[in-house]
Amino acid sequence: MRDELLLLHDQQVRGTVAARMPGSWEVVQDGPVLQFTTPGRGLTFARDLDGVSVEDLDTLIARVRDRAAATGRTVEWKTYGHDRPDLPERLRLAGFAPEDAETVVIGLAEDLTAAGAAPDGITIRATTEMSDLRRIAAMESEVWGQDLSWLADDLRDRIASGPDRIVILVAEAGDEVVSAAWLVVFPGTEFAALWGGSTLAAWRRKGVYRALVARRAQIAVDRGIKYLQVDASDNSSPILQRLGLRPVTTTTPWVWSPA
C-alpha cells in the first residue's frame, strides 16, 4: 500500500505543481526544475533528476540560487526522502541549509470525517475575507515567532486564482483566532492537501486540530475527492497516523538566503 500511495503522490501531487500555483506568481522552468516567485520566499520543485549528471545538477542548483540572489529573496528547494541520494549534499555545497523534515502522510478522505468535533467555546467557519486572512497571518506569526504577514497575500492570491481550489477555515474563541487551516484541491487528480493547522499554545491538545481535519475531510468527500495528503510536522504526524493516514516518505525544505 505504501508503494502504491507513493506512486500516486509522485504522479498526481508532485506531477501537477505548475498547474495549481496562483497565476500571479512568476515561474521559471529550467529543465526539470520549477522556480516560483511568491509573496513569501521563493519555491523550487524538481522531479526526475536521476538521469542528470552531478555537474549539470550543480549548475541547475546554482541558477536557482543566483536567480534568488538577483532579487534579494530567500528561496526554498523542496526535497523528498526518495529523491536521488546526493541531492542534499549538492544543495549544501551550493549554500542551502535544511529546515525541519516533515512526514508525508496520505489517507482516504472518508476515513477522516469523524476525526473530531469542535471543542466547547470554539466556532469554525469558512472565510475568504482579507480581514480574516490578516488575522490568520497574525496568529501564524505568533505561533512561529516570526513575521508571516505575507501569508495573507499568499492566501488571497490562491483564492483569486482558483476560488474552487481552496477552502480556508478559521477557528475562533470569541473574537480571537486560535487556529486556522485550509483544504487545497489539486485539480484533475484524486488528491487534496490539508495545509495550515497551527494553533495557539493555550488551545493545543484540546481537539481543535482534529476538528479542523474532520471539517476539511467532509468538504473533500462532498466534492468527490478520494485522498488527503499532509506534509506533517512532528506534532501533527502522530495525530494523523492515529487517524489512519499512512506515512509514505519525508520532505525537507532546503533554504538559501541572501547574506
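## Salt bridges

A salt bridge is a side-chain nitrogen of Lys or Arg within 4 Å of a carboxyl oxygen of Asp or Glu. In this predicted model, the side chains of Arg 90 and Asp 58 meet that rule, with 2.7 Å from N to O. Arg 90 lies in helix H4 (residues 87–93) and Asp 58 in helix H3 (residues 54–71), so the pair links distant parts of the chain, 32 residues apart. Asp 58 is partly exposed, with a relative accessible area of 27%.

The count comes to 19 salt bridges. Among them is the pair of Arg 2 and Asp 3, whose closest N and O atoms are 3.1 Å apart. Arg 2 is partly exposed at 39% relative accessibility, whereas Asp 3 is exposed at 57%. A network of salt bridges links Arg 125, Asp 132, Arg 135 and Glu 172.

## Strand E10 and its partners

Seven of the nine residues of strand E10 (residues 191–199) are buried, so the rest of the structure largely encloses this strand. E10 pairs with strand E9 (residues 176–185) in the antiparallel sense over six bridges; here Trp 195 of E10 is the bridge partner of Trp 182. Five residues stand between the strands of this hairpin, where Gly 188 takes a positive phi near 75 degrees.

E10 also pairs with strand E11 (residues 227–232), in the parallel sense and over three bridges. From E10 the chain crosses through helix H7 (residues 208–222) to E11 in a right-handed β-α-β crossover.

## From E11 to E4

Asp 231 forms a salt bridge with Lys 78, with 2.9 Å between the closest N and O atoms. Asp 231 is in strand E11 and Lys 78 in strand E4 (residues 75–80), 153 residues apart. Lys 78 counts as buried because its relative accessibility is 15%, and buried means under 20%.

Notes:
Residues numbered from 1 in each chain as written. Predicted model: local features only at pLDDT ≥ 70, side-chain atom pairs only at ≥ 80, totals over all residues. Heavy atoms only, no water. Buried < 20%, exposed > 50% of the residue type's maximum accessible area, 1.4 Å probe, protein only. Helix = DSSP H or I, 4+ residues; strand = E, 2+ residues; numbered from the N terminus. Pairing = 2+ DSSP bridges. Right-handed = clockwise from strand over helix to strand, strands pointing away.
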